Amino acid sequence: MRLRSLGIAFAAIAALVAIPAQAPAAAAETPLSQGKFATSSSDENAGTPASSAVDGNTGTRWSSAAADTQWLQVDLGASATVTRVVLNWEAAYGKDYRIQVSDNGSSWSDIRTVTGGDGGTDTLDVSGQGRYVRMYGTARGTQYGYSLWEFQVFGDGGGTSPTCGTANAAKDRPATASSTENGGTPAASAFDGNTGTRWSSQASDPQWVRVDLGSVQDICRVDLNWEAAYGREFTLQASANGQDWTTLKTVTNGTGGTASYEVSGSGRYVRVHGTARGTAYGYSLWEVAVHTGSGGTPPVEGGGDLGPNVIVVDPSTPNLQARFDQVFAQQESSQFGSGRYQFLLKPGTYNGINAQLGFYTSISGLGLNPDDTKINGDITVDAGWFNGNATQNFWRSAENLSIKPVNGTNRWAVAQAAPFRRIHVEGGLNLAPAGYGWASGGYIADSKIDGTVGPYSQQQWYTRESSVGGWTNGVWNMTFSGVQGAPATNFDTGPYTTLETTPVSREKPFLYLDGNDYKVFVPGKRTNARGVSWPANAGGTSLPLDQFYVVKPGATATTINAALSQGLNLLFTPGVYHLDRTIEVTRANTVVLGLGLATLIPDNGVDAMHVADVDGVKLASFLIDAGAAKSDTLLRLGPASGSADHAANPTSMQDVFVRVGGAGPGLAANSVVVNSDDVLIDHTWIWRADHGEGVGWETNRADYGLVVNGDDVLATGLFVEHFNKYDVLWNGERGRTVFFQNEKAYDAPNPAAITHDGIVGYAGYKVADSVDVHEAWGLGSYCNYTSDPSIVQQHGFQVPVKAGIKMHDILVISLGGKGQYAHVVNNTGAPTSGTDTVPSKITQFP
């Protein structure tokens, strides 16, 4: 009774005490990583995939092969700020490991390093930014692999989990194998979608079976259905060319049956490469399924080999002269062929070499400076293939080496689109063909010619920031800026226009070897420069090759854009690339560099390339060839609304050439449109074809060559020819051009076809009436109206008459009397007449 009374008393007292209401339980924070796409270096078996470490279930786990190093990574779907990582280890833990982040899945930064870990649960406070997060194990804590119940990433950001397609991209695709057991078990049977047929190999190791997907694709999962003869140890691999393989997944202790492996990578070819059989028999697969989509992490990898058409040599390479001769024999007259070749010469001294260069052939030294690669011999361009006429020696290049010519003078008889950059000539340079036939070129930059440069029959030439021992003559328009040893301006009586410096410049990026590693050197901006930039190479930066997607023939625009979105630069290896969508360059400071005149062809009327209104994009050394379906704009720099200030770090296009027709019908409304401010256009040939296939007034119609809407744009070495309307239309303020070469369209059918606003003929170079400030030096426009020689074009140049508009040293020429000009600029300047090709000049306008 007393106890009961005491309990009542306690209850009464408790009733007098205010007890706070219990707060509802807080929901656990969901990791950014949960349910996202995860991949790993290896899986212990099919029951321990990478996805089990990010599924939110502590009863499932990822475990790796029993080896170091191993990694597990997760794609957060978008960039995130990472603040904490929690690792819930199984008994097989990592003793030493790193937590890393990446924007692109290929270049990693450490945000935490752990040494001497003891397993259990590791909660790590970190600070980093990236789309991809990984545990990179370097030392296991046990004899087993690495094993995680859960890998959790916390922070802000991230995005939708990437998806992997359900379709089998390998079904009925061409397949090959290292061997077959017999005629009834071919490779194709593993990709026919029929689980009653199979591929089986001979009973030995190693063996492989591979499938050709038809194009480079993002690969996110591979499903294997083994027959009783299974693979105990094997790798899943991908390749862009069927020769160079990247491992997507390593499997040890395989148990056969059916298994699915989440992978990350891209390739045209997928291979199952067996190294240890699970039975005494061979390898045997009922089916292999390959799934593609946005789940690959990364969809492309940086670095790798340079492909089959890059020929890397050193002074000890056997039969080196024969290698040059073989390519030259193929390319000498292949003006519109598909062959593309790049010779890369490792640093050293090459004796007795004559490297003759045909179409789409480039030669470059791999030193950081030209004198690192010395040729005691010649690099020759001549015109024997065209009966001594060098006016069609287009699309080839030489760069970054020194030449000591055998007879003291090197012959470089080129026309347009044939740059000569970063060359040291220990002697003279002859720019004319043997026999001194016609020649129409050309461009030299950042080069030192110890002897005399002899243009002889060259009609025009532009030389920038170089050094010459002398310059002998010129025909019509020889322009120099920042060239030591250049002749003085004499345009009133001769061909020379000379500027002491170049207002703004930046040398072209180039590939070089740092030890055994390829890198790309990206020179810095120069202001009012004079003379060569080397050997100091001041202000430049080096980018390792693994920061580039090495693009090879067969690559798709989808993969190229995926690489760009990952933060990779682009290195196009020699080849012809058909694009079914526009290449979108959206990241500041992206480098897009071509080797061997790599050629981009937009299909189905898409544009070839767009560049966002961002700082410092560098486009260099490639050719855009218009497709048969009409594109609006082949190359666009900046959107129509672009207005950002890029003066400190401008975008540049250098040795970027554009062609409409010639190799076949091509159509475009505009060839190049520049909307961004401060762009540097350094040596471009924008050409509507006047010969070749698919040529006609409407067959390869393209109204505009270059349209400049951005302000403060500078063009140095501007070659634009044959467009149906304006070759250059300049709408932006404060534009400047140093050297311009132009021919009007040969095939204008009659005066009516080119009459506008009461004017016969579109100017080769028009500055819009709205522009207040513009200046240009050393400009020439030529007419050759072969379809109707009676055409009299009103003028070569049309500009508003304002105090801020200044045109220096300009001329017009009738080539052999095929059409005439009535004036040079607007209604000013004497007409051309007759067939003597004597220029009509103005040294200053207004």
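Modeller: Helices and strands are DSSP runs, a helix having at least four residues and a strand at least two, and they are numbered from the N terminus. Please bear in mind throughout that this is a predicted model.

Biologist: With those terms in hand, where is the place of Asn319?

Modeller: Asn319 belongs to the loop between strand 16 (310-313) and helix 2 (320-331). Although Asn319 is not a glycine, its phi is positive, at about 55°. Because its relative accessible area is 61%, Asn319 counts as exposed.

Biologist: What is the phi of Asp712, a residue other than glycine?

Modeller: Phi of Asp712 is positive, near 60°. This residue sits in the loop between strand 48 (702-708) and strand 49 (714-721). Its relative accessibility is 29%, so Asp712 counts as partly exposed.

Biologist: Which residues are joined by a cis peptide bond, with omega of about -15°?

Modeller: They are Gly441 and Gly442. Gly442 is found in the loop between strand 24 (428-430) and strand 25 (443-445). A cis peptide bond also runs from Asp68 to Thr69, where omega is near -10°. Thr69 lies in the loop between strand 3 and strand 4 (70-89).

Biologist: Let us turn to charged side chains. How many salt bridges does the count come to?

Modeller: The general idea is that side chains of opposite charge can pair when their charged atoms come close. In this structure the count comes to 40 salt bridges. One of them joins Asp43 and Lys249, whose closest N and O atoms are 3.2 Å apart. That pair links distant parts of the chain, for Asp43 is in strand 2 (residues 42-43) and Lys249 is in strand 13 (residues 246-251), 206 residues apart. Both Asp43 and Lys249 are buried.

Biologist: Which residue forms a salt bridge with Arg421, with the closest N and O atoms 3.1 Å apart?

Modeller: The partner of Arg421 is Asp682. Here strand 47 (residues 680-688) supplies Asp682 and strand 23 (residues 420-425) supplies Arg421, and the two are 261 residues apart. Asp682 is buried, as is Arg421. Both also take part in a network of salt bridges that links Arg421, Arg464, Glu465, Glu507, Arg526, Asp655 and Asp682.

Biologist: Why is helix 3 described as largely enclosed by the rest of the structure?

Modeller: A residue is buried when its relative accessible area is under 20%. Seven of the nine residues of helix 3 (residues 557-565) are buried, so this helix is largely enclosed. The buried residues are Ala557, Thr559, Ile560, Asn561, Ala562, Ala563 and Leu564. Among the elements that cover them are strand 11 (207-226), strand 14 (258-277) and strand 37 (569-572). Helix 3 is followed by Gly567, which has a positive phi near 100°.

Biologist: Which strand gives the largest share of the lining of the largest cavity?

Modeller: Strand 21 gives the largest share, four residues. The strands that each supply at least two lining residues include strand 19 (361-365), strand 21 (396-403) and strand 45 (652-660).

Notes
Residues are numbered from 1 along each chain as its sequence is written. This is a predicted model: local features need pLDDT of at least 70, side-chain atom pairs count only at pLDDT 80 or more; totals for chains, interfaces and linings use all residues. Side-chain values use heavy atoms; hydrogens and water are left out. Buried means under 20% relative accessible area, exposed over 50%, partly exposed in between (1.4 Å probe, protein chains only). Contact means heavy atoms within 4.5 Å. A salt bridge is a side-chain nitrogen of Lys or Arg within 4 Å of a carboxyl oxygen of Asp or Glu.
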